[in-house]
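I opened this model with a notebook beside me and jotted down what I looked up. Here are the entries, in the order I made them.

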Amino acid sequence: MNENLFASFITPMMFGLPLVTLIVLFPSLLFPTSNRLVNNRLISLQQWMLQLVSKQMMSILTPKGQTWALMLMSLILFIGSTNLLGLLPHSFTPTTQLSMNLGMAIPLWAGAVITGFRNKTKASLAHFLPQGTPTPLIPMLVIIETISLFIQPVALAVRLTANITAGHLLIHLIGGATLALMSINTTTALITFIILILLTVLEFAVAMIQAYVFTLLVSLYLHDNT
Amino acid sequence: MASVVPLKEEKLLEVELGELPSWILMRDFTPSGIAGAFQRGYYRYYNEYVNVKRGSIARLSLVLAAYVVFNYRRSHKELKHERPRKYH
């Protein structure tokens, strides 16, 4: 049981071929593109959802920040679809791997910070000191703000990894417990009910992407435009 | 067993059994050939199932069920130990 618990998080290989590329690319099959004005149901639904999300997220940005719209929308679609597909039985979720989340978080955060530094150097540097601090506290506060700036990409990546991994592990554990308790009655009803509630809550993995993109968005907004 | 259409362009289901080895050897296995085969298969599926005006959820769940089966086959080796049995 101990070894099998983490077996579902191993990178899938088959005959030495990296199968993980196929699994990462699979959600793109579910988002077809089309050149028509009036599409089939699937594409119309996706277009409506995308329009809703992009209007809500991009409206708070200045025009210069709105050039990031394509990047952020594909980010939210990718993470959302990958997390939701990981809820299917036996599937492998790429976002449980810290390497991938770091690879997503660090370039995006660095792009936002560097853009802010290049275009508005004084305003970006002014972020390190909140307004109205008493003078003796200034050196310490600058250090604290620098640390909190550099911890942002790590926090983004680790937050996503830890949430998804913990959810999957809990589902494994509680499912195993339910099966083991099947021979002892009346406790199983309670535990299966807990599983159901947990799965529903975990389907707010979609809320996870919302958290991801939103946090990234706030950071971008602050650094780029203020 | 010669056929009317030249052998190279016949689809798989229309090839006669005796010609099958030569048919397999004739398909081009270059990367662009394989990619072309995948594209053709994908578009056949897409035009038949998804691109209709009022597609239903059954067709999407078919894709997801195939994905689940694919992953089950992949992880079968590690899952063999978790079958319920008396002595582990």
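In which loop of chain A is the place of Thr93(A)? I found Thr93(A) in the loop between helix 4 and helix 5 of chain A.

**Ground rules.** I am working with a predicted model, where local features need pLDDT of at least 70, side-chain atom pairs count only at pLDDT 80 or more, and totals for chains, interfaces and linings use all residues. Residues are numbered from 1 along each chain as its sequence is written, chains are lettered from A and ligands numbered from 1 in the order in which they are written, and side-chain values use heavy atoms, with hydrogens and water left out.

**Thr93(A).** I looked up its cover: Thr93(A) is buried, at a relative accessible area of 4%. Buried means under 20% relative accessible area, exposed over 50%, and partly exposed in between (1.4 Å probe, protein chains only). Setting aside residues up to four places away in sequence, I noted that Thr93(A) touches Thr82(A), Asn83(A), Gly86(A), Ile164(A) and His168(A). Contact here is heavy atoms within 4.5 Å.

**Val24(A).** This residue sits in helix 2 (residues 20-25) of chain A. Helices (H or I, at least four residues) and strands (E, at least two) are DSSP runs, numbered from the N terminus. Why does Val24(A) count as partly exposed? Because its relative accessibility is 26%. Leaving out neighbours within four places in sequence, I see Val24(A) in contact with Phe78(A) and Pro94(A). I also checked Val24(A) against Thr82(A): they are 58 residues apart in sequence and 7.8 Å apart in space, C-alpha to C-alpha.

**The cores.** A nonpolar core is a set of buried Ala, Val, Leu, Ile, Met, Phe, Trp, Tyr and Cys residues joined through side-chain atoms within 4.5 Å. The largest one has 24 residues, and those with the most contacts inside it include Leu72(A), Met104(A) and Tyr212(A). Helices 3 (41-58), 4 (69-85), 5 (98-119), 8 (152-180) and 10 (205-224) of chain A each give two or more residues to this core. Helix 10 of chain A gives the most, with 6 residues. I followed Met104(A) and, not counting residues up to four places away in sequence, found contacts that include Leu75(A), Thr95(A), Leu160(A) and Tyr212(A). Apart from this core lies another, of 7 residues, among them Ile23(A), Phe92(A), Val63(B) and Tyr67(B).

**Helix 3 of chain A.** The expected span is 1.5 Å times one less than the number of residues. I listed the buried residues as Ile43(A), Gln46(A), Met57(A) and Met58(A). Seen down the axis of helix 3 of chain A, they fall within an arc of 75°, so they line one face of the helix. The arc is taken from the directions from the helix axis to the C-beta atoms. Leu45(A), Lys55(A) and Gln56(A) are exposed on the face turned away from the buried side.

**Helix 8 of chain A.** I counted 29 residues reaching 42 Å from first C-alpha to last, close to the expected 42 Å. Its buried residues include Pro153(A), Leu160(A), Ile164(A) and His168(A).

**Chain B.** I noted 4 helices and 0 strands, and buried residues make up 17% of its 88 residues.
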